[in-house]
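Trainee: I am new to this structure and would like to go through it by question and answer. May we begin once the sequence and structure are in view?

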Amino acid sequence: MRGLIAFTALFVAVLAKETFEGHQVLRIVPKNEAQLSLLKNLEEMTEFEMDIWMGVTGVSFPVDVRVPPHTLQSFKSYLESHDLEYSIMIEDIQAILDVEKEQMESAARVAEPRNTDSFDYSNYHTLSEIYSFQDMLVAENPNFVSKMVIGQSYEGRPLNVLKFSTGGSNRPAIWIDTGIHSREWVTQASALWFAKKIVTDYGKDTALTAILNNMDIFLEIATNPDGYYLTHTKNRMWRKTRKPNPGYSCYGVDPNRNWNAGFGEPGASSYPCSETYRGPSAHSESEVKSIVDFVQSHGNIKAFISIHAYSQMLMYPYGYTKTAAKDQAELHALAQKAITDLASLYGTRYRYGSIINTIYQASGNTIDWTYEQGIKYSYTFELRDTGYYGFLLPAREIIPTAEETWLIWLTPTFKKVYDSVYYSVIMKRLITFVALFAAVLSKEAFHGHQVFRILPKDDVQLSLIKLLEDMLELELDFWRWVTPVDVRVPSHSLQAVKSYLERHRIKYYTVIKDLQALLDEEQKQMKLATHAWNTDSFDYDNYHTLSDIYSFQDMLVAEKPNLVSKIVIGQSYEGRPLNVLKFSTGGSNRPAIWIDTGIHAREWVTQASGILFAKKIVTDYGQDTALTAILNKMDIFLEIVVNPDGYQFTHTKNRMWRKNRRPNPGFSCVGVDLNRNWNAGFGGHGSSNNPCKDTYHGVKAHSEPEVRSIVDFVQSHGNIKAFISIHSYSQMLLYPYGYTKTLANDQKELDRVAQQAVAALTSLYGTPYRYGSIITTIYQSSGGSIDWTYNQGIKYSYTFELRDTGHFGFLLPAEQIGQTANETWLALKVIMHYTLEHLY
């Protein structure tokens with residue numbers, strides 16, 4: 001009986017799917033040839049049990065490595081001991097896999113597709129679903145599509161190839177394959193989309209119709225079906241085939257090192273446990289041999305395209321030798337044109353060139369063999385991305401990936417053959433570009449987006465919530481990290497997030513049920529605003545565009561030239577002026593107070609309050625005793641729109657935009673968090689090194705012109721005594737530090753002044769505020785503005801977080817602008833007057 005139990009347990013373990021909890025993907029960037037050699041040696045160090053996702057290419061080119069948790073610390077220590085810089089690309093692989101699984105299961109709960117029109121092309125699919133799709137496509141298009149079985153995999157699965165043909169025998173043909181490396185799921189998913197695209201567009205798309213009227217297309221979607229099946233049932237990270245290797249416990253051969261082109265030379269491994277094991281002999285693997293036999297028996301293949309992921313590259317032969325292909329100039333020119341076409345759709349950047357010069361030496365690969373068989377147009381793709389997700393590209397990126405790839409292989413390679421249709425193709429591209437341009441200009445909608453309030457009961461649950469932040473495929477937008485945590489969830493991620501929270505027994509409730517409904521009301525209110533002829537007729541109880549704010553500033557200066565002036569301290573990344581209003585009763589380089597609003601673009605109540613503060617200053621000077629005393633001895637500088645590019649973007653494209661608008665080279669994500677870009681704990685905890693995160697700190701401190709302009713102004717002025725930066729939301733008044741728990745030297749005084757300011761604020765409408773240092777009151781936040789100003793000697797450095805506490809969040813109704821600004825003004829006066837009485 002004991003033996004039966006042990007056998008049962010072993011059997012269950014064998015069948016169980018391998019998990020990757022705690023596995024991390026590290027990115028290592030060699031700085032010189034010595035480090036390059038160390039990384040190459042790492043590939044042979046089996047004790048770390050690494051899985052190299054993106055191999056050694058050259059100096060300054062990243063290497064991505066998956067490392068299991070039990071070797072993680074020793075691996076990091078090895079890197080650090082050799083001065084090898086690294087960053088963490090994926091914190092926990094299993095967290096991403098859980099989301100991927102949940103999305104697939106959610107799709108599976110929908111009714112099984114009855115035809116290829118109802119097939120879900122925006123999700124990943126099992127092998128049986130791919131086989132079913134192929135059968136449906138053939139059944140629907142029997143005169144156009146046929147299924148050929150060119151062989152069997154090692155485990156006996158059919159090697160299906162779809163043939164698209166309008167008739168005729170042994171016509172010139174194009175071969176496309178995907179999934180030769182099984183874990184590269186976006187390739188098989190893209191091929192499903194390609195197959196449907198071919199049958200849909202034939203007769204409609206001029207270029208495709210011309211091709212198919214003269215040529216056949218062969219498409220092998222699952223080139224490595226045994227490996228692909230294993231990625232769904234046992235090990236999501238499996239790459240090779242499944243043939244046993246006699247004398248070893250390791251399985252499989254790399255089918256892209258098994259071809260008779262430089263077979264067994266450097267760039268492939270002779271060790272069966274290596275991911276690049278070449279096999280015992282060229283064409284030893286049935287999955288490879290079946291294609292070899294097909295190509296040779298057909299004899300009229302004119303283009304051969306093998307599709308992989310990831311790295312965003314388009315490559316041609318050779319991989320096993322540095323000898324240039326005889327058609328290198330033509331292949332290079334076509335690749336250059338192709339990646340230009342690809343980038344025209346979504347701006348995705350690809351590198352291109354020969355395999356050995358672009359990625360690394362790879363002997364025994366597919367397209368080196370096909371090129372040597374006389375197939376001139378032999379290309380390999382590496383699809384999205386460049387490493388943030390690697391092989392775990394979110395399903396939401398399948399269709400964009402397929403669409404942009406389609407533009408490449410459909411027309412550029414064959415434009416010489418079909419020169420007669422080239423004009424019509426260009427016109428079609430032009431029409432597509434116009435449509436795309438219109439789409440870019442349209443404003444992003446948030447229909448069905450909800451804001452959840454999450455209530456972690458302990459640090460364990462808080463850590464689980466932080467893992468959600470790294471799952472970029474969910475497209476979550478964390479509004480507030482102080483407990484409770486507020487997060488905007490797009491409609492397509494609602495079920496996945498709810499399931500994740502419920503699975504981990506984390507309490508939550510919905511604060512905003514439909515974000516778009518609030519935005520629609522906000523726009524309705526803005527349209528009611530009338531044109532202002534002067535600052536008296538300006539609508540202070542409404543939100544305003546950037547041009548409205550610029551006009552207000554000019555009107556105010558024109559009306560009060562002896563009290564207000566406008567200075568331009570710099571330009572934003574997109575070239576907009578960084579305007580600062582100076583309120584002064586005369587004198588040079590007097591002690592001064594700085595106030596800024598709108599450093600985070602979407603916090604509209606701050607810019608709106610800044611407008612009202614400006615009007616309040618000119619109205620109350622000479623009437624309000626405290627303000628008059630301040631301005632008789634000090635100047636006030638007010639920057640209402642610190643982040644004009646971002647603010648403009650919130651009005652024209654995406655109301656939820658936070659960062660500035662600088663592009664990040666190598667990434668499709670735009671912008672830097674301007675409140676993580678200051679030289680105070682820069683790059684520390686509480687900011688991100690990922691350009692796609694809302695808290696991305698930028699490439700270096702003060703890299704952003706919006707920040708640098710303030711830094712230069714403060715340092716050149718030299719007599720700023722108080723610096724107040726205004727944000728929303730959470731109802732807090734904060735002082736340094738955010739990047740360290742070390743107390744500020746003036747902590748007691750800063751706390752006492754904050755207490756007095758909050759008391760004044762609350763006295764007007766009873767609005768409760770919390771106060772304290774940033775790190776103890778809200779969260780750790782490195783690279784923040786007031787930590788820098790305090791370190792510059794500006795003692796009275798404060799940050800406000802205005803209304804509310806989350807019911808509306810960043811979408812505070814315009815009717816609350818006046819109350820918010822008026823109560824905040826009372827707190828500002830306390831801080832400013834205290835500064836006046838305690839000049840230092």
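**Disulfides, backbone and a sheet**

Trainee: Does cysteine 273 count as buried, partly exposed or exposed, and what is that based on?

Mentor: The relative accessibility of cysteine 273 is 29%. Buried means under 20% relative accessible area and exposed means over 50%, with partly exposed in between (1.4 Å probe, protein chains only). Cysteine 273 therefore counts as partly exposed.

Trainee: Before we go on, what kind of model is this, and how are its residues and atoms treated?

Mentor: Residues are numbered from 1 along each chain as its sequence is written, and side-chain values use heavy atoms, with hydrogens and water left out. Local features need pLDDT of at least 70, side-chain atom pairs count only at pLDDT 80 or more, and totals for chains, interfaces and linings use all residues, for this is a predicted model.

Trainee: Which cysteine forms a disulfide with cysteine 273?

Mentor: A disulfide is taken as a pair of cysteine sulfur atoms within 2.5 Å. Here the sulfur atoms are 1.7 Å apart. The partner of cysteine 273 is cysteine 250.

Trainee: What is the handedness of the link of cysteine 250 and cysteine 273?

Mentor: The torsion about its S-S bond is 80 degrees. The link of cysteine 250 and cysteine 273 is accordingly described as right-handed.

Trainee: How many disulfides are there by this rule, and what is the pairing of the bonded cysteines in sequence order?

Mentor: The count comes to two disulfides. Besides the pair already discussed, cysteine 669 and cysteine 692 form a disulfide, with their sulfur atoms 1.9 Å apart. When the bonded cysteines of the chain are numbered in sequence order, the pairing is 1-2, 3-4.

Trainee: Which is buried, cysteine 669 or cysteine 692?

Mentor: Cysteine 692 has a relative accessible area of 26% and is partly exposed. The relative accessible area of the other residue is 18%, so the buried one is cysteine 669.

Trainee: Where is glutamine 312 found, and what is its phi?

Mentor: Helices (H or I, at least four residues) and strands (E, at least two) are DSSP runs, numbered from the N terminus. Glutamine 312 is found in the loop between β9 (301–309) and β10 (313–316), and is buried at a relative accessible area of 10%. Most residues other than glycine have a negative phi. Glutamine 312, although not a glycine, has a positive phi of about 60 degrees.

Trainee: What kind of peptide bond joins serine 728 and tyrosine 729?

Mentor: Most peptide bonds are trans. Tyrosine 729 has its place in the loop between β21 (720–728) and β22 (732–735). Omega between serine 728 and tyrosine 729 is about 5 degrees, and the bond is cis.

Trainee: What is omega for the cis peptide bond that joins arginine 803 and aspartate 804?

Mentor: Aspartate 804 lies in the loop between β24 (796–802) and α26 (817–837). For the cis bond joining arginine 803 to aspartate 804, omega is about -5 degrees.

Trainee: What is the order of the strands in the open sheet of four strands?

Mentor: Two strands pair if DSSP finds at least two bridges between them. Strand β1 (residues 24–28) pairs with β4 in the antiparallel sense over four bridges, and isoleucine 28 stands opposite tyrosine 86 in β4. The open sheet has antiparallel pairing, and its order is β2-β3-β1-β4.
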